[in-house]
Amino acid sequence: MTIMKDIQSIENIELVFLTIDDYEDIKLAMQEAYSNMPETFWEKHQIKTLINKFPEGQVGIKVDNELAGCALTIIVDYSKFEDRHTYSEITGNYTFNTHTDDGSKLYGIDIFIRPKFRGLRLGRRLYDYRKELCEKLNLKGIVFGGRIPNYHQFAETMSPREYIDKVRKKEIHDPVLDFQMSNDFHPVRVLKGYLKGDKESHDYAVLLEWDNVYYEKETKEAAIPKSIIRIGLIQWQMRLYKDLNELMQQAEYFVDAVSGYRSDFALFPEFFNAPLMSEYNHLSEAEAIRKLAGYTEEIKNRFAELAISYNINIITGSMPEVIDNNLYNVGYLCKRDGGIEKFEKVHTTPDETKVWGLQGGNTLQAYETDSGRIGILICYDVEFPELSRILADEGIDLLFVPFLTDTQNGYSRIRNCAQARAIENECYVAIAGSVGNLPKVHNMDIQYAQSVVFTPCDFSFPTNGIKAEATPNTEMILIADVDIAALRELNQLGSVRNLKDRRKDIYEIIRVKK
């Protein structure tokens, strides 16, 4: 599918609650999305009713402040309809008087994306929002009737049930049904006469459901609201690539994999792009790494595209960068809303200084994301506790550490220091490194890594302070959920309170201003 909107030109993507002032934009978006049915669009009074009844259920997605698509939703008492109903019945003959705040399931009324914004996976974001809303409201699940617009091409030779089965087996492509099933909605049954006038679907639809695995029956027990963040770590295999495109194809493979699990973050290792130095192995190490720096801008831009396209915040690992003829080790936080933040390695190892001529950066900061405030320290920096303590004072909940180590004792320094940072700063620490070998790249011969997510050590966390860890020296991804609410409880009620119990009357860490 051709992407009409140039990803590189996008500055911001945001989900917004719809208001009645958006109506003309909503109407235009519907007319463009349903170009084969140009007179099919919601009237202004209908949109107003939806917003008044259930404002949280009516959302749009804007790209650079231009409405790109919408999702319209109500809550229904599904026991009154069950699995056999029509679109008219479920919407109360399009009045939406079937909506009730005390209902059991979200019902998808409509979802559409303007053609020029297709290919950016914006529909996936809208579905993800519905899922998060369902979990927030503690509803049993999401249900809706999905059109099968390509069925008219096969209606004379197969039944709707046979058609759906072939779509499921990938023998037939149906753009709507394929997309819905790829977003974890499963077909339940065929609905006959669901939407009158849908000639492409021959008036049939597929009843699709998504079950909320977090649903709990209401109780009178006190409960702390949960805020779950999903982290995806890439344990990267060092291997030779013929060019940048091949390297980024592998990177996209991993981004696709972790985003498929609805991860909020993807973390790549330090200098994951080192294989590209093989082309310059005839040069000295210092010259070769400066050649590698020539790829950094393009890699940053491609990761920024992937962050938007796959709806995930990407921490790019690190790469060399030349500024005013000085060589630095830097990385980028590419946010799924289009924002890009830069981070720098503050401390360079003796080998990095001697062999490559790297210099330490001067920037240390916490970063705001849609999944909380985070910090990022590159490899050796995690061995200096002052840095993470400064970030903790700035309110981070997650500390990401991309690293590169060649021996097990070097890895042990990173691992043990990272785990200490999690305990002393009451935060989660995720470390990701590379494995394998690069015999054709000087100073990058071997690598050793085991990626891990560390937690504080208290009753709400694993007893060993390890949430999840990868298999050592094996290419793989590691997915882990961390609970931000548990950190809040730890800070107030923990067995020990490392942040609160500091003796600031006798010692203090001061950030030097430059």
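Which strand is Val143 found in? I looked this up to begin with, and the strand is β5, residues 141-147. A reminder to myself: this is a predicted model.

**Entry on Val143.** I checked how covered Val143 is. Its relative accessibility is 0%, and buried means under 20%, so Val143 counts as buried. Next I looked for its partners, leaving aside neighbours within four places in sequence. Val143 is in contact with Tyr78, with Lys105, Leu106, Tyr107 and Gly108, and with Leu207, Leu208 and Glu209. I also looked at the pair Val143 and Gly108: they are 35 residues apart along the chain, yet their C-alpha atoms are separated by 6.4 Å.

**Entry on α4.** I turned to helix α4, residues 122-136. How many of its 15 residues are buried? I found twelve, so to speak a mostly covered helix. Among them are Leu122, Leu126, Tyr129 and Leu133, along with the charged-looking names Arg124, Asp128 and Lys131. Just after α4, I noted that Asn138 takes a positive phi of about 55 degrees.

**Entry on α5 and α6.** I then looked at how α5 (residues 160-168) packs with α6 (residues 175-182). The angle is about 55 degrees and the axes are 10 Å apart. The two helices are therefore oblique to each other, and α5 passes α6 in a right-handed crossing. Which residues meet there? From α5 I listed Ile164, Val167 and Arg168, and from α6 Leu177, Asp178 and Met181. The residues of this contact divide into four nonpolar, two charged and no polar.

Definitions and conventions: Residues numbered from 1 in each chain as written. Predicted model: local features only at pLDDT ≥ 70, side-chain atom pairs only at ≥ 80, totals over all residues. Heavy atoms only, no water. Buried < 20%, exposed > 50% of the residue type's maximum accessible area, 1.4 Å probe, protein only. Helix = DSSP H or I, 4+ residues; strand = E, 2+ residues; numbered from the N terminus. Axes fitted to C-alpha atoms, helices over the stretch in contact; angles between N-to-C directions. Parallel < 35°, antiparallel > 145°, perpendicular 65-115°, else oblique. Left-handed = near helix turned anticlockwise from the far one by under 90°. Contact = heavy atoms within 4.5 Å.
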